[in-house]
Amino acid sequence: MTKRSNEPLLWLLFSVGGVVAALLIPVHLFLFGIAFPLGWLNAPSYDALLALARGPAGRVYLLVFCILPLFHWAHRFRYTLYDGLQIKHLNELVNTFCYGGAIVGAIVATYLVVRIP
Amino acid sequence: MDQISINAVGRKELTTYTEYPPKGYRVRISTYWWLGRWAYLKFILRELSSVLVAWFVIETLLQVNALIAGPGAYQDFQGFLRNPVVIALNIISFFFILFHAITWFNLAPKAMAIRLGGKRVPAILIALPNYAAWLLASVIVGWLVLRG
């Protein structure tokens, strides 16, 4: 039996994560990372944000928003190191760090999202 | 084991036998090859945008964690987000991720060569739905977050 490559699955996660990151991160980052801290716009109250996050749609949204872009990072960063630094001999270490990091991040995200009161 | 072999031209060559056959001639490329040309640097910068994507996911998870911990912890986290270093990092991330988004959306016409009536549909018309989806998603998220 020939060994099947994981590459198509990893590429698919990279690609879908890239779409999610491109569509959703700019607005999130602008609001929560720039506009609210600088006082350009009024930040939502604790209760309002909790109400958004705790519903089923909010939870699924948060999982998609966090997990898919992590796999996008893992795949792209892996090849950045591969092409940019030509550290082929560290391939296994790099892969473990990238995909392992994304898997740990996905577990943490799931744990947190389940715990939203 | 070294062995002398004679090639087609009749010159003597020192051939080294290794466990695997040699992969052929390869030009050694500098580790800093991507600094040589703007297009290469742009490629590496685009690839590095993924690091800032990961950073923002972590920031979002910290925010969810603060949300779970209660209003006090949530206020503390807002203080962390007001730290000038964090704001600076977020502004840099914002530009990197815009770069990612624009290059990503502009890829669609390169991947899909659609022809209508024998003519290729202009790239902008294929990229346009991506930008429309981006605008729509941003408006919906903005509306949900800001009405609270």
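Reply: In this predicted model, helix α1(A) bends by about 40 degrees at Ile25(A). A proline, Pro26(A), follows within four residues of that point. The helix covers residues 7–35 of chain A, 29 residues in total. From first C-alpha to last, α1(A) reaches 39 Å, close to the 42 Å expected at 1.5 Å a residue.

Now the contact between the chains. Chain A contributes 52 residues and chain B contributes 56. Leu67(B), Ile68(B) and Trp104(B) supply 14% of the area that chain B buries against chain A, more than any other three residues. Together the two chains bury about 4600 Å², and carbon and sulfur atoms account for 76% of this area.

As for charged pairs, the count between chain B and chain A is one salt bridge. It joins the side chains of Arg76(A) and Glu47(B), with an N to O distance of 3.3 Å.

On the side of chain B that touches chain A, four helices each supply at least two residues: α1 (38–69), α2 (71–81), α3 (84–111) and α4 (123–146). Of these, α1(B) gives the most, with 21 residues. Sorted by class, this side of chain B has 34 nonpolar, 15 polar and seven charged residues.

Conventions
Residues are numbered from 1 along each chain as its sequence is written. Chains are lettered from A and ligands numbered from 1 in the order in which they are written. This is a predicted model: local features need pLDDT of at least 70, side-chain atom pairs count only at pLDDT 80 or more; totals for chains, interfaces and linings use all residues. Side-chain values use heavy atoms; hydrogens and water are left out. Contact means heavy atoms within 4.5 Å. Buried area is the accessible area (1.4 Å probe) that two parts lose on being put together, summed over both. A salt bridge is a side-chain nitrogen of Lys or Arg within 4 Å of a carboxyl oxygen of Asp or Glu. Ala, Val, Leu, Ile, Met, Phe, Trp, Tyr, Cys and Pro count as nonpolar, Asp, Glu, Lys and Arg as charged, and the others, Gly among them, as polar. The expected span of a helix is 1.5 Å times one less than its number of residues. The bend at a residue is the angle between axes fitted to the seven residues ending there and the seven starting there.
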